[in-house]
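Biologist: Before we look at anything in detail, I would like to learn how to read a model residue by residue. Could you take me through it, with the general idea followed by the case in hand?

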Amino acid sequence: MISNTTNVNLMKEARLSLSEEGKWGLAIGATAICIAIYISVNVIPVIGFIISFILIPQIMVGQSIFYLSIARHQDAMLDQLFETLLNGSRFGTIIGSYFLMSLLIFLGFLLLIIPGIILAYGFSMTYFILAENKEIGSIDALKKSYSIMAGNKFKFFCLNLRFIGWGLLSLLTMGIGFLWLIPYINTSHAKFYNDIKEDLDI
């Protein structure tokens, strides 16, 4: 489905969802936790790369679960960030998706950059799909993402461009502003996903 909601309205809807009682504070807390995990893992010599390869995609799917809850005006909880870690049944599928996605995007960038950008945007909904469909396989998740992003890649690119100014402002706050900006971006992405997945079997 082609997104018919303007990016301005998607961002407005994201702000409204985050403005519900307690949602901003919860999202800022989730962001702080994720940043702390990413930094802690990446400073570990050698083995940190292995831990990151296993842990980061699980957290990415957890974040998608969390922000879909916010975007859909449902109860969001911090333990959603660790849902796939606590369950463990989808470890292989999520890591497989992460590996295939990273490999294909890397190969795309080797082919004069543009194919890598196209693939990155084509696969950009993979974590949301994995968050919603507990039965889907790695390859099918990538295919489904590429399918629903058909005709939507440029619009999603433009949506992300709208956050550049906010990113520059966040840098001026010694990075503290990112605690607000990242939830804003992630909720906007969740709204975008909701907009294009309507009427699709996911």
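Modeller: Gladly, and please keep in mind throughout that this is a predicted model. Let us begin with a single side chain and its surroundings: Phe-192, when residues up to four places away in sequence are not counted, touches Asn-7, Leu-10, Met-125, Met-149, Asn-152, Lys-155, Phe-156 and Leu-159.

Biologist: Which residues of the largest nonpolar core touch the most other members?

Modeller: The general idea comes first: nonpolar side chains in soluble globular proteins tend to be buried together. In this model the largest nonpolar core has 46 residues, and those that touch the most other members are Phe-66, Met-125 and Phe-192. At least two residues of this core are supplied by each of α1 (7-18), α2, α3, α5, α7, α8 (138-148), α9 (153-161) and α11, while the largest share, 9 residues, is that of α3.

Biologist: What is the volume of the largest pocket, and which residues are the closest to its centre?

Modeller: The volume of the largest pocket is about 470 Å³. Its lining is made up of 22 residues, of which Met-60, Ser-124, Tyr-127, Asn-186 and His-189 are the closest to the centre. Two or more lining residues come from each of α2 (23-42), α3 (47-71), α5 (91-110), α6 (114-122), α7 (126-132) and α11 (178-197), and α3 gives the largest share of the lining, with 5 residues.

Biologist: How do the residues of that lining divide into nonpolar, polar and charged?

Modeller: The lining of the largest pocket has 16 nonpolar and 6 polar residues, and no charged ones.

Biologist: I would now like to turn to charged side chains. How many salt bridges does a search of the whole structure find?

Modeller: The search finds 4 salt bridges. In one of them the side chains of Glu-20 and Lys-23 meet, at 3.0 Å from N to O.

Biologist: Is Lys-23 buried or exposed, and what is it in contact with, leaving aside its neighbours within four places in sequence?

Modeller: Lys-23, which lies in helix α2, counts as buried because its relative accessibility is 8%, the cut-off for that class being under 20%. Its contacts, with neighbours within four places in sequence left aside, are Ser-17, Leu-18, Ile-70, His-73, Gln-74 and Ala-76.

Biologist: Which parts of the chain does the salt bridge between Arg-72 and Glu-132 tie together?

Modeller: In that salt bridge the closest N and O atoms of Arg-72 and Glu-132 are 2.8 Å apart. Arg-72 lies in the loop between α3 and α4 (83-87) and Glu-132 in helix α7, so the pair ties together parts that are 60 residues apart in sequence. Both partners are partly exposed, Arg-72 at 27% relative accessibility and Glu-132 with a relative accessible area of 28%.

Modeller: A further salt bridge joins the side chains of Lys-134 and Glu-83, at 3.6 Å from N to O. This pair, too, links distant parts of the chain, 51 residues apart, with Lys-134 in the loop between α7 and α8 and Glu-83 in helix α4. Glu-83 is partly exposed, its relative accessible area being 27%. There is also a network, in which salt bridges that share partners join Arg-72, Glu-132 and Lys-197.

Biologist: Finally, where should I look for a backbone with a positive phi in a residue other than glycine?

Modeller: Look at Leu-112, whose phi is near 70 degrees, and at Ile-113, which has a positive phi of about 75 degrees although it is not a glycine. Leu-112 is found in the loop between α5 and α6, and Ile-113 lies in that loop as well. With a relative accessibility of 74%, Leu-112 counts as exposed, whereas Ile-113, at 47% relative accessible area, is partly exposed.

Biologist: And is Ser-138 buried or exposed?

Modeller: Ser-138, whose place is in helix α8, is buried, with a relative accessible area of 16%. Not counting residues up to four places away in sequence, Ser-138 touches Gly-92, Thr-93, Gly-96, Ser-97 and Leu-100.

Methods:
Residues numbered from 1 in each chain as written. Predicted model: local features only at pLDDT ≥ 70, side-chain atom pairs only at ≥ 80, totals over all residues. Heavy atoms only, no water. 1 Å grid on protein atoms, 1.4 Å probe; cavity = no way out; pocket = protein on both sides within 12 Å on 5 of 7 lines; lining within 4 Å. Points joined across faces, edges and corners; volume = space filled by probe spheres on them. Helix = DSSP H or I, 4+ residues; strand = E, 2+ residues; numbered from the N terminus. Nonpolar A, V, L, I, M, F, W, Y, C, P; charged D, E, K, R; others polar. Core = buried A, V, L, I, M, F, W, Y, C linked by side-chain atoms within 4.5 Å. Buried < 20%, exposed > 50% of the residue type's maximum accessible area, 1.4 Å probe, protein only. Contact = heavy atoms within 4.5 Å.
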